[in-house]
Amino acid sequence: MSVLAQHRNPQILFSFTFAVAASAVAPAVILTLFWPGTTARGVRWALYGTPVLTAVLMALSPATSGIPTALFPDRDFHVFPLQTPGLITVPVGFALCVLGSRWRPRRGDGPGGDPGHWAAAQRPAAESGNRP
């Protein structure tokens, strides 16, 4: 994206950076500090999910096209009405972190789909009954 904006208004790059920080990093840090139910899976969901959503919404916003200060001022393909999507992506970041933390994989989601296979792979050889 920065190559496209090389000789243009850098405002969209700053907006994208702050939107990602507010949408992904802030929910992960706040929930890790203040909610004891936060798991690594929830933090990963927030850190991987919200930058993608932010990039899509920024690409479809007026910051990219349709206004004189946009990245492409001569084009008009925006469908998302907000220039910075933080109003949408910050709550989504919190929701992804909470949903990811509460997500419990189904039994049998290990390698090969066999629950016994995953459990046996994690136990030491002495506990699994295989003695030399």
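Helix α2 has 20 residues and reaches 29 Å from its first C-alpha to its last, close to the 28 Å expected at 1.5 Å a residue. The expected span is 1.5 Å times one less than the number of residues. Helices here are DSSP runs (H or I, at least four residues), numbered from the N terminus. The model is predicted: local features need pLDDT of at least 70, side-chain atom pairs count only at pLDDT 80 or more, and totals for chains, interfaces and linings use all residues. Residues are numbered from 1 along each chain as its sequence is written, and side-chain values use heavy atoms, without hydrogens or water.

The buried residues of α2 are Gly 42, Val 43, Ala 46, Thr 50, Thr 54, Leu 57 and Met 58. Buried means under 20% relative accessible area, exposed over 50%, and partly exposed in between (1.4 Å probe, protein chains only). These α2 residues pack against α1 and α3 (86-102). Contact means heavy atoms within 4.5 Å.

The 17 residues of α3 should span 24 Å at 1.5 Å a residue, and its end C-alpha atoms are 24 Å apart, which agrees. Thr 89, Gly 93, Cys 97, Gly 100 and Ser 101 are the buried residues of α3. They lie on the same side of the helix because they cover an arc of only 105 degrees around the axis. The arc is taken from the directions that run from the helix axis to the C-beta atoms. The cover over this buried side includes α1 and α2. The face turned away from it carries the exposed residues Leu 87, Leu 99 and Arg 102.

Ser 101 of α3 has 2% relative accessibility and so counts as buried. Beyond residues up to four places away in sequence, Ser 101 touches Trp 35, Gly 37, Thr 38, Thr 39 and Gly 42. With the same exclusion, Cys 97 is in contact with Leu 31, Thr 38, Gly 42, Val 43 and Ala 46.

Cys 97 also belongs to the largest nonpolar core, together with Ala 28, Leu 31, Val 43 and Ala 46, 5 residues in all. Helices α1 (11-34) and α2 (40-59) each supply at least two residues of this core. A nonpolar core is a set of buried Ala, Val, Leu, Ile, Met, Phe, Trp, Tyr and Cys residues joined through side-chain atoms within 4.5 Å.

Ser 23 is found in α1. Its relative accessible area is 0%, so Ser 23 is buried. Leaving out residues up to four places away in sequence, Ser 23 touches Thr 50, Thr 54, Thr 89, Val 90 and Gly 93. Its side chain makes a polar contact with the side chain of Thr 89 (2.5 Å). A polar contact is a pair of N or O atoms within 3.5 Å; within protein, one must be able to donate a hydrogen and the other to accept it, and residues adjacent in sequence count only if both atoms are side-chain atoms.
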